[in-house]
Amino acid sequence: MFPHLQLRFYIGGGNGISVLSAPFLARGWTKIEQGKEGRADTNFKIKWCERASDFDFDAFKEKKQLIGRNPKIACIGNKLRLKKTLTEFHALPASEVRGMRMKMHNYVPATYELENMKERLSFFDQVRENPQAAWIIKPTGLNCGQGIFVVEDGPAYVQRLKEEEATRNPHKRKLVRIAQKYITNPLLLQGIFKEPISVQAVLFIFRTQV
């Protein structure tokens, strides 16, 4: 595919390295070892890392190399930014959007930014209207399920947030979180999955131009 570059690949981080590396090793590719020198090595065909800071986008050889990170990934790579990106997309006039556009509430559960006072109050209103509903609380900048928990008693959690705000240290950095309506009756594959599971999907995008 890229004749003047060696069949070398780099997989960085610690999230699913063996899963990502196995297909390349099985096909005879050479793995670039992790570390400072490995991250700086530009003689590769494919590079996959968890953090955008591990990529030198200026040294990237377009049409000759593949990298597992888009320099503009921030607009969807964070739970809160994804919500904002989708909200902005759905605010566009129909004339600027190609093809069919589903209503956002048809594929994204109700989501509120708890550190945004307007959205926090909207969340309080939702809990007041439906106190039996379950919610899932997610830190926006973490992954692999870190810091995520389910709230089954909405009114009690609202009271907890009010007390937290009243005693918060103004000099301490806020933990940015979202509250998302919990899907209590998800569509499951009968006979295969009996309960919701965590799925990590890996996607290679080979072309971004249309």
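This dialogue walks through some features of one predicted protein model.

Visitor: What should I know about the model and its numbering before I start?

Guide: Residues are numbered from 1 along each chain as its sequence is written, and side-chain values use heavy atoms, with hydrogens and water left out. The model is predicted, and local features need pLDDT of at least 70, side-chain atom pairs count only at pLDDT 80 or more, while totals for chains, interfaces and linings use all residues.

Visitor: How many helices and strands does the protein have, and what pattern do they follow along the sequence?

Guide: Helices (H or I, at least four residues) and strands (E, at least two) are DSSP runs, numbered from the N terminus. Here the protein has 5 helices and 8 strands, and along the sequence they follow the pattern β-α-β-α-β-β-α-β-α-β-β-α-β.

Visitor: Which order do the strands take in the sheet with parallel pairing?

Guide: Two strands pair if DSSP finds at least two bridges between them. In this open sheet of 4 strands the order is E2-E1-E3-E4, with parallel pairing, and the edge strands, each pairing on one side only, are E2 and strand E4 (66–67). Strand E1 is joined to strand E2 (residues 30–32) by 3 bridges in the parallel sense, and E1 also pairs with strand E3 (residues 46–48) in the parallel sense over 3 bridges. In E3, Ile46 is the bridge partner of Phe9.

Visitor: Which helix packs on that sheet, and what angle does its direction make with that of E1?

Guide: Contact means heavy atoms within 4.5 Å, while axes are lines fitted to C-alpha atoms, for helices over the stretch in contact, and angles run from 0 to 180 degrees between N-to-C directions. Helix H1 (residues 17–26) packs on the sheet and touches E1, E2 and E3, and its direction makes about 175 degrees with that of E1.

Visitor: Which residues of E1 are buried on one side, and which on the other?

Guide: In a regular strand the side chains alternate between the two faces of the sheet. Buried means under 20% relative accessible area, exposed over 50%, and partly exposed in between (1.4 Å probe, protein chains only). Both faces of E1 are covered, for Arg8 and Tyr10 on one side and Phe9 and Ile11 on the other are all buried. In the protein, buried residues make up 28% of the 210 residues.

Visitor: What does the side chain of Arg8 reach?

Guide: A polar contact is a pair of N or O atoms within 3.5 Å; within protein, one must be able to donate a hydrogen and the other to accept it, and residues adjacent in sequence count only if both atoms are side-chain atoms. Arg8 lies in strand E1 (residues 8–11) and counts as buried because its relative accessible area is 16%. The side chain of Arg8 makes a polar contact with the side chain of Asp41 (3.1 Å), and it also reaches the backbone oxygen of Asn43 at 2.6 Å. In E2, Arg8 stands opposite Thr30.

Visitor: Which order do the strands take in the sheet with antiparallel pairing?

Guide: This open sheet of 4 strands has the order E5-E8-E6-E7, with antiparallel pairing, and its edge strands, each pairing on one side only, are strand E5 (111–113) and strand E7 (149–151). Neighbouring strands of this sheet are turned by 25 degrees against each other on average, direction ignored. E5 pairs with strand E8 (residues 177–181) in the antiparallel sense over 3 bridges, and in E8 the bridge partner of Glu113 is Ile178. Helix H3 (residues 79–91) packs on the sheet, touching E5, strand E6 (135–139) and E8, with its direction at about 115 degrees to that of E5.

Visitor: How many aromatic pairs does a search of the whole structure find?

Guide: Rings of Phe, Tyr and Trp (its six-membered ring) pair if their centres lie within 6.5 Å, and planes under 30 degrees apart count as stacked, over 60 as edge-to-face and the rest as tilted. The search finds 9 aromatic pairs. The rings of Phe123 and Tyr157 have centres 6.5 Å apart and planes at 75 degrees, so this pair is edge-to-face. The pair links distant parts of the chain, with Phe123 in helix H4 (residues 117–129) and Tyr157 in helix H5 (residues 154–167), 34 residues apart. Phe123 counts as buried at 1% relative accessibility, and Tyr157 is buried with a relative accessible area of 4%.
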